[in-house]
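Keep the sequence and the structure side by side as you read.

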Amino acid sequence: SPPEAYAAVNLETLALLTGCMLVSAHMDKQGLYDALSRLLGSAQTTPALFLVRVSTASALCSMVITNDATCIILTPLVVLACKRRKLHPAPHLMAIATCTNIGSACSPIGNPQNMLVASVSGLSFLQFLAGIGLASAVGTVINVGIIYGVYKKRLTPTSTYEFKQPRESLPLPNGAAVEVTVDSPPKAPLPVPEVSSVANHSPPRPPPEADGGLAAVVECPMGEELLSASTDQSFKLARLPQKFLHLLRNAAVSWRSSAIRLLLVAFPVILLAADRWIGLGWLTLLVAVALFVIDGDPPRPLLAHIDGNLLLFFSGLFVAVAGVNATGVPSMVWDALSPYASVRSLVGTLVFMAVTVVGSNVVSNVPLVLLMAPKVLQLPSSDAELTWLLLAWISTVAGNLTLLGSVANLIVAAKASDSYELTFVEYLKVGLPSTAIMCFAGSPLVWVLGSKLA
C-alpha cells in the first residue's frame, strides 16, 4: 500500500546523500578540486611515485566526498596529467577505481552502502573510523603494491605511452560520414579589443545647467547613482573613492569565502559528533544549508548538482527491497545460514565473508545491505555492531572484484574511455587479488578492532 511504501523509504539516508552532493558542490565552487589538480600535477615525479600520489588522494577524498564523486573528479585530472607526462594511464586508473572503494570503507559517508549502514545501525563517524580505518590504510598500501606488481614494466622512469588521437566524424555530400583523426596545433587566443572599463573610467558628467536649478547626476563606479545637490550650492558632492568601494566588496567576498572554507575543513570533525546531535544524515544536510547561507549567492547553480535520479533510484530501491522482504524468501535464506555465519567464530566469519562477497557481486552491495539490515538488527547489540562493521568493509571491497562490481569502477572506465579503454579482463588482473587480500587480510583487523568497540 502507499503508506507502507512511504514508510519503507529511509529519509535520513536520502538526506545524507543530498547533503553530500551539496557539500561537494561547495568544494568545487571554492576551488578545492582545482587545488587538488595542481597538487597532483605539480612536481615531476616518477611514474611509481605518481601512482602513490593518486592512490593516496583517491583514498582520502573518498572518505569525505564519496567514492563515486571522487572518481568523477579525479579521473579526468589524472588522464590529463598522464597525457602531459606521457605516462601509461592504466595503473593510475586502476588506483582511482580500487583505492576509492578501499578508502571509502572506513567512512559512513564514503559510499551509498555505508550510508545505509550508518543510518540503520546508528554507528557514528568515529566508530567507523576506529573499526575500519586501520584496515583501509593497510589495504591501500597493499593495493598499491598489487598495482605496481601488475604494471611494473609500465611504471619505469623510461616508460612512455602515446595516447590515441580523438576522432571526429565529417559529413559527406551523400549523407554518410567519415572519421578523421584530429591533430591540430593549439589555437592562438583571439585578440581582445581594448575596452574602457567602468571600474577605471567614470562616465562623462553632464554639464551643469545655466540657471543652476537642476541637480547634476553622478554615477559611481559600482553602477550606483547619487543625486547631488544643485551645482550652485557652496558645498561639493562627496564621492566615495573607487578604491574604498572595491575594498568593501573584496572584504565581504573574502570573509564569506574564508568562512565557507573553514566550515568545509571542519566538516569531518563535525561528523565525529553527529551521533550526539541530530544524526549523521540530518547534520550533513544542515551543514550544506549553512554553506548556502554563508555563500549568499543564488543557490540554483549549486542545487543543480543534486542527482535527482539517484535519489529516486534509492527511494524505489527501499520500496522494492521491502517488497522482497515481505515475501519471506530473505528470512528463509537467513535462517538457513545464520547458524553457520556468526561473526563470533572463525568459521562463521568466513561464511559471512563469502555470502557478502558473492551477494555484493550478484545483487550489488546496496540491495544486499538493505536485505540483510532487518536481520542484523535482530542480533544482540555487541554482535550487531561487529556485524555492521564487517558488512560495511566486505561489501565495499567486494566491489573491487570486477569492473561491474561497483559504480565507481564504471565511472572511471567511462570517464577515461576517450583516451584509454579499461577492459573487464585487464581490471580483473588487479581486482581479483586485491579483493581476496582485502577480505582475508583486512577483515581480521576489522574483527579485532570491532570486537574491542563492541
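Helix 3 and helix 4 cross in a right-handed manner. This is a predicted model. Helix 3 covers residues 32-40, and helix 4 covers residues 47-65. Their axes come within 11 Å and cross at roughly 160 degrees. Angles over 145 degrees count as roughly antiparallel, so helix 3 is roughly antiparallel to helix 4. Which residues of the two helices meet? Helix 3 brings Tyr33, Leu36, Leu39 and Leu40. Helix 4 answers with Phe50, Arg53, Val54, Ala57, Cys61 and Ile65. By class, this contact has nine nonpolar residues, one charged residue and no polar ones.

Now turn to another pair, helix 2 and helix 7. Helix 2 spans residues 11-29, and helix 7 spans residues 112-121. They pack at about 135 degrees, and their axes are 9 Å apart. That angle makes helix 2 oblique to helix 7. The crossing of helix 2 and helix 7 is right-handed. From helix 2, the residues in contact are Glu12, Thr13, Leu16, Leu17 and Cys20. From helix 7, they are Met115, Leu116 and Ser119. Five of the residues in this contact are nonpolar, two are polar and one is charged.

Helix 6 runs over residues 90-104, and helix 8 over residues 125-150. Their axes come within 10 Å and cross at roughly 160 degrees. Helix 6 and helix 8 are therefore roughly antiparallel to each other. Their crossing is right-handed. On the helix 6 side, the contact uses Pro91, Met94, Ala95, Thr98, Cys99, Ile102 and Gly103. On the helix 8 side, it uses Ser136, Gly139, Thr140, Asn143 and Ile147. How many residues of each class does this contact hold? It has six nonpolar and six polar residues, and no charged ones.

Stay with Asn143 for a moment. It sits in helix 8. Is Asn143 buried or exposed? Buried means under 20% relative accessible area. Asn143 has 0% relative accessibility, so it counts as buried. Leaving out residues up to four places away in sequence, Asn143 touches Thr98, Cys99, Ile102, Ser434 and Met438. Pro433 lies 290 residues from Asn143 along the chain, and their C-alpha atoms are separated by 9.0 Å.

The largest nonpolar core has 108 residues. Those with the most contacts inside it are Val23, Ile109, Ile132, Phe352, Trp388, Trp393 and Ile394. Helix 16, residues 381-397, gives the most to this core, with ten residues. What does Ile132 contact, beyond its neighbours within four places in sequence? It is in contact with Ala105, Cys106, Leu389, Ala392, Trp393 and Val446.

Finally, step back to the whole chain. It has 454 residues, and 44% of them count as buried. Its secondary structure comes to 18 helices and four strands.

Note on methods
Residues are numbered from 1 along each chain as its sequence is written. This is a predicted model: local features need pLDDT of at least 70, side-chain atom pairs count only at pLDDT 80 or more; totals for chains, interfaces and linings use all residues. Side-chain values use heavy atoms; hydrogens and water are left out. Axes are lines fitted to C-alpha atoms, for helices over the stretch in contact, and angles run from 0 to 180 degrees between N-to-C directions. Angles under 35 degrees count as roughly parallel, over 145 as roughly antiparallel, 65 to 115 as roughly perpendicular and the rest as oblique. A crossing is left-handed if the near helix is turned anticlockwise from the far one by less than a right angle, and right-handed if clockwise. Contact means heavy atoms within 4.5 Å. Ala, Val, Leu, Ile, Met, Phe, Trp, Tyr, Cys and Pro count as nonpolar, Asp, Glu, Lys and Arg as charged, and the others, Gly among them, as polar. A nonpolar core is a set of buried Ala, Val, Leu, Ile, Met, Phe, Trp, Tyr and Cys residues joined through side-chain atoms within 4.5 Å. Buried means under 20% relative accessible area, exposed over 50%, partly exposed in between (1.4 Å probe, protein chains only).
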